[in-house]
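Here is a short briefing on a protein model. Keep the sequence and the 3D view open as you read.

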Amino acid sequence: QFYYGDIARLTNPAADDIVGGTQDNGTQFSRASASGINPFVIELGGDGAFTEIDKDGDYMITSFPGASHVFLVWPVTQSLSGHFIVNEGSNGSFINTAELDENLDLFYTNTSTATTFRISQFSNFKTGAAQMQRRNLTNAMLDESVTAMKATPISPPIANKYVGLLNGKLIRISDVESAPNRTWTDITGPGFIGSISDIEFGQSESEILVTMHNFGVPSLWYTTDGGATWQNKEGNLPDIPVRAVLQNPHKTDEVILGTMLGVWRTDNFNDSIPPSWSQSQNGMSDVSVVDLDLIADAGSSPTTSTVLATTHGRGMFTGTFNEFRLSLEDNLLANNQLKIFPTLASTEINLIANSNLGEADVKIYNLSGQQMLSQKIDLNFGNSNRVLLNGFSNGVYILSVKGEGISKTQKFVVRK
């Protein structure tokens, strides 16, 4: 059960180095991974947590519970050449929020104590423990536990930092390196409710995507003006907690989400209407996706990037962002291939296919992930199929239809 994951290409430029921190089973490595099942090696025991390989390939940072983070020289072996950046297991959170600014080799982590909310910045950690420098950052805006952090994509000399809190607050810390110029700005959207779980950028620092980890709240927000205004991008996404988000750098209309029900994807993120989401996981199943990471594929034509989806239960999966689609997805048909109605139902749901789709498995889940119904249906043209909702109470449910010719998910409401 992974908490964090990261991907690099250092052992072999044509293969993936994958690493992640797990529950009870340490920090696990798979070097030069190929398609299919790969062996993992545990180099550090205990509980693993935040993990990231530096883009230059000379070090990585991994973690134990709490504010306990370790610098390791890459490639990591059982000799474990490195040192603690900070070792305060009683501070921070159990699976602690951290962030590596790879442009400036600055490491940030939540070092909050029982009486003070704070973030600590560490520099010069590459030269050894004795040479490290630490800054503790506090502010009245920092009034809850830190749940997400992101460093600006801008190169030196300016270091900006974005911080999400348990209470839904989003803070921008500008020019973190300079105490006289350091500025704290609350850029929380008016509709933010729940715990901020991820902060990612689009094509510039002005384009920010923020996800929420909670039920009954808008799960995805987007700004194009650095947080002055925000757009709700949840669309028809089921009411499920969201842990991670990535935008396709080659086709910005495509965005994927890591949720408690696997990966969801949209192809119309930039439309003025709310985006339409569908499951996109091809073998992953409805498992909690806790982290999404990206690495550019060198020399590919057309230009592509590899996506790493880290799950809390089924290991790690990779897919590909390109200019056309995400290969991680199922072979989805156009929405008009299968009509599912009504979305506000009392006794039954109807399924009508516009072509011969063959036999499919139809399943219904409640929002806790419990399977409420399972049956097989012949989805061929001209057939009218009914799914009876006997014994269903009022509420929101998720209908999944999967077969050789179809993979489709639809949220619907039962009201009697």
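Start with a lysine and a ring: K339 lies over the face of F341, at 5.1 Å from the ring centre. This is a predicted model.

**Charges over rings**
- K339 is placed over the ring face of F341, and the distance to the ring centre is 5.1 Å.
- K233 has its charged end over the ring of F269, 4.8 Å from the centre of that ring.

**Aromatic pairs**
- The structure holds 14 aromatic pairs.
- One of them joins F29 and W74. This pair is tilted. The centres are 6.3 Å apart, with 40° between the planes.
- The angle of 40° counts as tilted because stacked planes are under 30 degrees apart and edge-to-face planes over 60.
- F29 belongs to strand β3 (residues 27-33), while W74 sits in the loop between β7 (67-73) and β8 (82-88).
- F29 and W74 are both buried.
- Ring pairs also link Y4, F50 and F107 into a cluster.

**A buried charge: D198**
- D198 is in strand β17 (residues 195-201).
- D198 is buried, yet has no salt bridge.
- Which side chain of opposite charge is nearest to D198? K150 is the nearest, 6.4 Å away.
- D198 does have a backbone atom close at hand: the nitrogen of V245 lies 3.0 Å from a polar atom of the D198 side chain.
- Beyond residues up to four places away in sequence, D198 touches A148, L209, V210, T211, R243, A244 and V245.

- S288 is in the loop between β24 (278-279) and β25 (289-296).
- S288 has 23% relative accessibility, so it counts as partly exposed.
- Setting aside residues up to four places away in sequence, S288 touches T259, M260, T310, T311 and H312.
- S288 and T252 are 36 residues apart along the chain, and 25 Å separates their C-alpha atoms.
- N268 lies in the loop between β23 (262-266) and β24.
- Is N268 buried or exposed? N268 is buried, because its relative accessible area is 15% and the cut-off for buried is under 20%.
- Apart from neighbours within four places in sequence, N268 is in contact with D253, I273, P274, P275 and S276.

Notes: Residues are numbered from 1 along each chain as its sequence is written. This is a predicted model: local features need pLDDT of at least 70, side-chain atom pairs count only at pLDDT 80 or more; totals for chains, interfaces and linings use all residues. Side-chain values use heavy atoms; hydrogens and water are left out. Rings of Phe, Tyr and Trp (its six-membered ring) pair if their centres lie within 6.5 Å; planes under 30 degrees apart count as stacked, over 60 as edge-to-face and the rest as tilted. Helices (H or I, at least four residues) and strands (E, at least two) are DSSP runs, numbered from the N terminus. Buried means under 20% relative accessible area, exposed over 50%, partly exposed in between (1.4 Å probe, protein chains only). A charge sits over a ring if NZ of Lys or CZ of Arg is within 6 Å of the ring centre and within 35 degrees of the ring normal. Lys and Arg count as positive and Asp and Glu as negative; His and the chain ends are not counted. A salt bridge is a side-chain nitrogen of Lys or Arg within 4 Å of a carboxyl oxygen of Asp or Glu. A polar contact is a pair of N or O atoms within 3.5 Å; within protein, one must be able to donate a hydrogen and the other to accept it, and residues adjacent in sequence count only if both atoms are side-chain atoms. Contact means heavy atoms within 4.5 Å.
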